[in-house]
Amino acid sequence: MRLVFQGHTNSRTVPVAVSDLGRRCRGRHGDTGCFVHLGTWTENSGVLSVRFQPTIYLNNALAGSARADALQHEQRHYTDFRRRATQMQRDLTAAIRARRDPQMDARWRWFLYYLCMDSAAFHRSIGAPVEICSQPSGARPS
């Protein structure tokens, strides 16, 4: 099996109308913005492809320090995402080199869980609302 892992090392910032944040952010936002990784994976003909399009959506009405604060907040989420994605890439590479099943269904669920936990820890540290994260059933793939 061959691994193609792309997109996790660069994010983009997209200004959007506050009325569009709900759709873009999948309901996870206030009125300032959000970070979404827009990740997908497929496995076809011996190729495991993991692709991300990390995007920070910011309320286009924000200016000055409010915009800077919102951007800094979302960049923290991107930093956590990049760390988790890089670790997943390392783990997948090791599994494939060892000719083990990459267990992508389980690995993806654990990846999303850890992102949720990182977000909750960050929000807790700044006194922001904290999301509830549900740990996946079964062991985490090695």
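The structure is a predicted model, in which local features need pLDDT of at least 70 and side-chain atom pairs count only at pLDDT 80 or more, while totals for chains, interfaces and linings use all residues. Residues are numbered from 1 along each chain as its sequence is written, and side-chain values use heavy atoms, with hydrogens and water left out.

**Overall fold**

The protein contains three helices and six strands, where helices (H or I, at least four residues) and strands (E, at least two) are DSSP runs numbered from the N terminus. Their order along the sequence is β-β-α-β-β-β-β-α-α, and the C-alpha trace spans about 50 × 25 × 20 Å along its principal axes. Of the 142 residues, 40% count as buried; here buried means under 20% relative accessible area, exposed means over 50%, and partly exposed lies in between, with a 1.4 Å probe and protein chains only. Taking a contact to mean heavy atoms within 4.5 Å, and looking at contacts between residues at least 6 apart in sequence, one finds that 64% join residues at least 24 apart.

**Nonpolar cores**

A nonpolar core is a set of buried Ala, Val, Leu, Ile, Met, Phe, Trp, Tyr and Cys residues joined through side-chain atoms within 4.5 Å. The largest one in this protein has 20 residues, of which V50, F52, F81, M88 and F111 touch the most other members. Two or more residues of this core come from each of strand 5 (47–51), strand 6 (55–59), helix 2 (64–97) and helix 3 (104–126), and helix 2 supplies the largest share, eight residues. Apart from this core lies another, of seven residues, which include L21, C25, V36 and Y57.

M88 shows how parts of the chain come together: leaving aside residues up to four places away in sequence, M88 touches F5, V50, F52, M104, R107, W108 and F111.

| Helix | Length | First to last C-alpha | Expected span |
|---|---|---|---|
| Helix 2 | 34 residues | 49 Å | 50 Å |

In general, an α-helix has 3.6 residues a turn, so residues three or four places apart point the same way.

Not counting residues up to four places away in sequence, E74 touches G33, C34, F35, I56 and L58.

**Where the helices end**

Just after helix 2, R99 takes a positive phi of about 60 degrees, a positive value in a residue other than glycine. R99 belongs to the loop between helix 2 and helix 3, and R99 is exposed, with a relative accessible area of 79%. Q103 is found in the loop between these helices too, and phi of Q103, near 50 degrees, is likewise positive in a residue other than glycine. Q103 is partly exposed, at a relative accessible area of 38%. Helix 3, in turn, is followed by G127, whose phi is positive and near 75 degrees.

Technical notes
The expected span of a helix is 1.5 Å times one less than its number of residues.
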